[in-house]
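Here is a short note for a first look at this structure. Please read the points in order, with the model open beside them.

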Amino acid sequence: TQNFCSQRNFDDVWIKTRTGRKKMAYRWLCKLDESYPHLAQRARELNTRDEFVMKYDPREVAKRERREREEKEKKRAKKESKEIKTGSMGMGSGSFDRDAKRSRLERIVSP
């Protein structure tokens, strides 16, 4: 195998590495910050250009978790508002749904 990266082929190597080896790419980027800051800057420019989000970047992880929490909260609020509109507040709604499904099934099976 050839594991060679120079400043000349850095763009191609970075693009392939960040998609194929996500965790290694993040670690590499951290090391680039220390040793070759101009290449680290270039990697971040490529990520921005391609709208690529590093999976293990703590800032991106925090953003992703916040988005997921907001989406979960929206779904929960939507479900609660739907339950309020239909008048089923959780108690007994499961048995009602089960009976409704059973009666539909009986209608399909019975002539």
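Where do R76 and E73 lie, and how many residues apart are they?

1. **The R76 and E73 pair.** Both residues lie in helix α4. They are three residues apart, about one turn of the helix. A salt bridge here is a side-chain nitrogen of Lys or Arg within 4 Å of a carboxyl oxygen of Asp or Glu. R76 counts as partly exposed because its relative accessibility is 40%. E73 is also partly exposed, with a relative accessible area of 40%.

2. **What the model is.** This is a predicted model, in which local features need pLDDT of at least 70, side-chain atom pairs count only at pLDDT 80 or more, and totals for chains, interfaces and linings use all residues. Residues are numbered from 1 along each chain as its sequence is written, and side-chain values use heavy atoms, with hydrogens and water left out.

3. **Overall layout.** The chain has five helices and zero strands. From the N terminus on, its elements run α-α-α-α-α. Helices (H or I, at least four residues) and strands (E, at least two) are DSSP runs, numbered from the N terminus. Of the 111 residues in the chain, 14% are buried. Buried means under 20% relative accessible area, exposed means over 50%, and partly exposed lies in between (1.4 Å probe, protein chains only).

4. **Salt bridges around R42.** The structure holds seven salt bridges. One of them joins the side chains of R42 and D11, at 2.8 Å from N to O. This pair links distant parts of the chain: R42 is in helix α3 (residues 37–49), D11 is in helix α1, and the two are 31 residues apart. R42 also meets E45 in a salt bridge, at 3.4 Å from N to O. Why are R42 and E45 separated by about one helical turn? The reason is that they are three residues apart in helix α3.

5. **Exposure of that group.** Which class does R42 fall in, at 29% relative accessibility? R42 counts as partly exposed. E45 has 38% relative accessibility, so E45 is partly exposed as well. D11 is partly exposed, with a relative accessible area of 26%. As background, side chains of opposite charge can pair when their charged atoms come close.

6. **Contacts along the chain.** K23 lies in helix α2 (residues 22–35). With a relative accessible area of 42%, K23 is partly exposed.

7. **T17 in helix α1.** Is T17 buried or exposed? T17 is buried, because its relative accessible area is 11%. T17 lies in helix α1, which spans residues 10–20. The side chain of T17 reaches the backbone oxygen of V13 at 2.7 Å.

8. **A negative patch.** Which residues form the negative surface patch? They are E65, E68, E70 and E71. Patches are made of residues with over 30% relative accessible area and no salt bridge; like charges are joined within 9 Å, and nonpolar side chains (Val, Leu, Ile, Met, Phe, Trp, Tyr) within 5 Å. E71 is found in helix α4, which covers residues 58–86. E71 has 46% relative accessibility, so E71 counts as partly exposed.

9. **E51, a backbone point to check.** E51 has a positive phi of about 55°, although E51 is not a glycine. Where does E51 lie? E51 is in the loop between α3 and α4. E51 counts as exposed because its relative accessibility is 70%.

Technical notes
Accessible areas come from the Shrake-Rupley method with a 1.4 Å probe; for residues, only the protein chains shown count as cover. Lys and Arg count as positive and Asp and Glu as negative; His and the chain ends are not counted. The place of a charge is taken as NZ of Lys, CZ of Arg, CG of Asp or CD of Glu. A polar contact is a pair of N or O atoms within 3.5 Å; within protein, one must be able to donate a hydrogen and the other to accept it, and residues adjacent in sequence count only if both atoms are side-chain atoms.
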